[in-house]
Amino acid sequence: MWMIPGQNQTWVSEFILLGFSSDPTTNSILFIVFLLVYLCSVLGNGLIIMLICLDTQLHTPMYFFLCILALLDMGYVTTTMPQMLVHLLAQSQTISFASCWLQMFVFSALGINEGTFFVVMAYDRYVAICHPLRYTVILNWGMCIRLAAGSWFCGFFSGLLHTFFTMRLPYCGPNRVNHYFCEGPSVRSLACMDTHIIEMVDLILSVFVVVTPISLIVASYIHIAKAILKIKSTQGRCKAFSTCASHLTVVTFFYGPCAYIYMRPNSSYTSERDKQVSLFYNAFTALLNPMVYSLRNKDIKRAFLKIMGHSRSDC
């Protein structure tokens with residue numbers, strides 16, 4: 001901690017991340033499990049990016065958006081997992097105030113960006129199913145780039161607001177964060193002042209970055225469902241639905257835990273449960289996304305087999 005000149009008040013200069021356990025044996029087991037989760041997440045999302053980049057048949061708006069989603073997942077999980085892995089084996093679990101600030105900002109920015117990007121992907125499915133003949137006209141490459149750029153801007157701007165309002169609070173002790181990374185609500189609970197106003201600001205921000213995207217996604221899928229029901233053949237309906245099922249699955253995995261964490265007051269904060277919920281939408285969602293998209297997607301499977309076939313022929 002440091003002391004402000006002319007004042008008898010000390011301020012936190014670093015935080016201690018308590019993680020999941022203080023038992024060395026338990027931490028060793030968790031290290032192996034989370035290392036495997038992290039490696040599988042990075043490799044799975046990296047594989048999707050590689051396949052989309054190498055296979056020209058996947059150079060379509062849908063797979064352009066999927067490639068960006070995989071990139072976001074890689075950055076999202078890398079923001080927290082490597083540090084957690086180090087803390088599981090290290091004697092010290094400290095993180096400087098500046099590093100905590102940076103981690104919270106990057107995590108929030110990428111998370112909000114990903115949530116916003118799900119709206120873009122829902123719009124892509126809406127255009128593909130409801131306006132198939134105009135798909136390439138509406139979602140031309142200029143529009144795709146503008147949608148992606150708008151999503152990134154929204155994520156980083158909202159993440160900056162969330163981090164600024166949280167980290168500008170006075171933290172004069174204690175400095176022990178009962179979490180495995182610097183997540184907003186867990187850090188804010190340590191502030192040595194009434195955080196009611198900041199909670200209200202954060203709640204309003206959460207409405208824009210959680211409720212609004214969910215509403216837009218639901219509206220898109222209502223129109224999609226109406227269009228699917230108009231398809232006469234059962235095979236056509238199944239094919240149209242299968243293109244949306246993967247997206248709906250990952251949206252549910254992501255937004256459910258996010259809404260639980262960020263759309264409730266500090267008074268209902270429960271650190272142990274929140275760590276588990278955060279771990280799910282941070283680490284396991286990034287792990288599940290490649291599995292969901294690759295296992296249900298014939299184009300991804302075909303691209304993988306094509307690349308593997310070229311590799312074998314080269315050998």
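In this predicted model, the torsion about the S-S bond of Cys100 and Cys182 is about -125°, so the disulfide is left-handed. The two sulfur atoms lie 2.1 Å apart. This bond joins distant parts of the chain, 82 residues apart. Cys100 belongs to helix α4 (residues 97-130), while Cys182 sits in the loop between β5 (176-177) and α7 (184-188). Both Cys100 and Cys182 are buried.

The whole structure holds two disulfides. Cys172 and Cys192 form a disulfide, with 2.1 Å between their sulfur atoms. Cys172 lies in the loop between α6 (141-167) and β5, and Cys192 in the loop between α7 and α8 (196-229). These partners are 20 residues apart. Cys172 is buried, at 18% relative accessible area. Cys192 is partly exposed, at 34%. In sequence order, the bonded cysteines pair 1-3, 2-4.

Cys154 takes part in no disulfide. The nearest cysteine sulfur, that of Cys258, is 14 Å away. That distance is too far for a bond. Cys154 is partly exposed, with a relative accessible area of 28%. Cys258 is buried, at 7%.

Helix α1 covers residues 24-54, 31 residues in total. From first C-alpha to last, α1 reaches 44 Å, close to the 45 Å expected. Its buried residues include Leu30, Phe34, Val37, Tyr38, Ile48 and Ile52.

The mean pLDDT is 84, and 92% of residues reach 70 or more. Over residues 1-8, pLDDT stays under 50. The model has 15 contacts beyond four places in sequence for residues 1-8. Where pLDDT is low, predicted coordinates should not be read in detail.

Definitions and conventions
Residues numbered from 1 in each chain as written. Predicted model: local features only at pLDDT ≥ 70, side-chain atom pairs only at ≥ 80, totals over all residues. Heavy atoms only, no water. Helix = DSSP H or I, 4+ residues; strand = E, 2+ residues; numbered from the N terminus. Expected span 1.5 Å × (residues − 1). Buried < 20%, exposed > 50% of the residue type's maximum accessible area, 1.4 Å probe, protein only. pLDDT = per-residue confidence, 0-100. Contact = heavy atoms within 4.5 Å. Disulfide = S-S within 2.5 Å.
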